[in-house]
Amino acid sequence: EVQRRAVAFHDVHVVQRASDDQERPQSQRVPVKAFRGFLAFEDLTCQERRFVAEELGVECSWGAPVWLQEALMFANGKRTVSEIVALLGRHCRHEMDVSQLENIFDFLSRRDQVQWRPFLSQATVKSALQQAGLGRGDAVVGHFALSRFGYIEGGADGLIDALLERIGPDGTLLMPTFSFSWIGRRPYDAVRTPSLVGCVTDRFWRRHGVQRSFHPTHSFAAIGPLASSLLKGHDWTQPPLGPHSPLNRLAEADGKILMFARKNANTSMHVGEHLADIPFVDFLCPIQEDGKHRTVVVPQCPWHVNFDAAYEKMYARGQIRDVRLGESVLHSMRCRDAIAAQAEVAKATPEILLQTGCTCPACQKLALFCEAQGHVPS
């Protein structure tokens, strides 16, 4: 009975908080604290002190009040002002108007203590996806780093919804859900192990209807008509990015790549290296299979990243679309073009894939390969 009452009490307050948040005026302004430490008012002029106290309603002593310090801690560039106001009321017992906090942050921005990030609406994101060339029926692999662009309305789930709407029910969405579950980490479990390559990918594989492969280092997840064929047989017995990988199958299906992230996160490039016979390293990986843990050898895992030369070729050929969005640029290209460009570079100049001064097993193996092929690092 005590537990039942506790659950009921919790549910009532969750509903009340949700209702309060819905009634609160919504802001589309996204502040980010631009300094370290705590806010002090020691250097304010007399005129500024009067403005802070009388116009902004902030007690002006040598330091800012605790609630304002908390508001600045919440201002991480990933929350709107209205979300920060809700957190202040919920966790700090401080109620205030959204407009008041916006005015305070405006004052601090004039002092270079707060910066404003762009608020990217769903309409803006959808327009960018259209400009990137994504259309209905497309098969697309996406890589994501939301923090590079600004505040995206709806967050990770909002972006996933926008992508699915853009490609439609006949399209297929593929994402990396890499866990890098090698020795020293927990055994890979396709229905439990989180993705370590961003919140979008981790939210995606948990959605109803999304399938996930059984590869312990470089798993992929997909939804759509091609999902099963892309992921089929992708487990620890296969090189993660080889000819039978989801990415090479995507290329064969004339799929596209969406880089909602830096271009060096483009995993498809490693497929080109594999097709060029560049040697990779094997990893020992713990997996969970039939309720039991065991260790397996995963063959030919990629390690370092060097895609610059391939991108130069692709830009010269007009194979990449760049679309400005918020604070950054997203990129799109055909998967087969990216793989082909990196394969071309890897065949002609494998030595440029070496990392200067690195003596890791991957570089040692690649150096021996280059020497055998008559390629000497510059």
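A residue counts as buried under 20% relative accessible area, as exposed over 50%, and as partly exposed in between. By that rule Arg207, with a relative accessible area of 22%, is partly exposed. The structure described here is a predicted model. The protein comprises 14 helices and 13 strands, and its C-alpha trace spans about 75 × 60 × 40 Å along the principal axes. Of its 378 residues, 48% count as buried.

**Helix packing**

- Helix 3, covering residues 66-74, packs with helix 4 at an angle of about 130°, and the two axes are 10 Å apart.
- Helix 3 and helix 4 are therefore oblique to each other, and their crossing is right-handed.
- Helix 4 (residues 81-91) also packs with helix 5 (residues 98-110), here at an angle of about 110° and with the axes 9 Å apart.
- An angle of 65 to 115 degrees counts as roughly perpendicular, and helix 4 and helix 5 are therefore roughly perpendicular to each other.
- The crossing of helix 4 and helix 5 is right-handed.

- The structure holds 16 salt bridges. One of them joins the side chains of Asp43 and Arg111, with an N to O distance of 2.9 Å.
- Asp43 is located in the loop between strand 1 (30-33) and helix 2 (46-55), while Arg111 is in the loop between helix 5 and strand 2 (114-117), so this pair ties together parts that are 68 residues apart in sequence.
- Asp43 has a relative accessibility of 53% and therefore counts as exposed.
- As a general point, side chains of opposite charge can pair when their charged atoms come close.

- Asp157, Asp161, Arg203 and Arg207 are linked in a network of salt bridges.
- Asp157 belongs to helix 7 (residues 155-167) and Arg203 to helix 8 (residues 199-205), so their pairing ties together parts that are 46 residues apart in sequence.
- Asp157 is partly exposed at 23% relative accessibility, and Arg203 is partly exposed with a relative accessible area of 45%.
- A salt bridge also connects the side chains of Arg207 and Asp161, at 2.9 Å from N to O.
- Because Arg207 lies in the loop between helix 8 and strand 7 (211-212) and Asp161 in helix 7, this pair ties together parts that are 46 residues apart in sequence.
- Asp161 counts as partly exposed, with 38% relative accessibility.

**Backbone positions with positive phi**

- In general, most residues other than glycine have a negative phi.
- Arg93 is not a glycine, yet it has a positive phi of about 55°.
- Arg93 is placed in the loop between helix 4 and helix 5. With a relative accessible area of 74%, Arg93 is exposed.
- Asp254, likewise a residue other than glycine, has a positive phi near 60°.
- The location of Asp254 is the loop between helix 10 (246-252) and strand 9 (256-260). Its relative accessible area of 31% makes Asp254 partly exposed.

**Nonpolar surface patch**

- Ile183, Leu284 and Val297 make a nonpolar surface patch of about 270 Å².
- Val297 is part of strand 11, which runs over residues 292-301.
- A patch residue must have over 30% relative accessible area; Val297, at 47%, is partly exposed.

- Asp337 lies in helix 13, which covers residues 335-348.
- The relative accessible area of Asp337 is 19%, and this residue is therefore buried, given that buried means under 20%.
- Asp337 and Asp290 are 47 residues apart along the chain, and their C-alpha atoms are separated by 39 Å.

Terms used: Residues numbered from 1 in each chain as written. Predicted model: local features only at pLDDT ≥ 70, side-chain atom pairs only at ≥ 80, totals over all residues. Heavy atoms only, no water. Patch = residues over 30% accessible without salt bridge, like charges linked within 9 Å, V, L, I, M, F, W, Y side chains within 5 Å. Areas by Shrake-Rupley, 256 points an atom, 1.4 Å probe, with all protein chains shown as cover. Salt bridge = Lys/Arg side-chain N within 4 Å of Asp/Glu carboxyl O. Helix = DSSP H or I, 4+ residues; strand = E, 2+ residues; numbered from the N terminus. Buried < 20%, exposed > 50% of the residue type's maximum accessible area, 1.4 Å probe, protein only. Axes fitted to C-alpha atoms, helices over the stretch in contact; angles between N-to-C directions. Parallel < 35°, antiparallel > 145°, perpendicular 65-115°, else oblique. Left-handed = near helix turned anticlockwise from the far one by under 90°.
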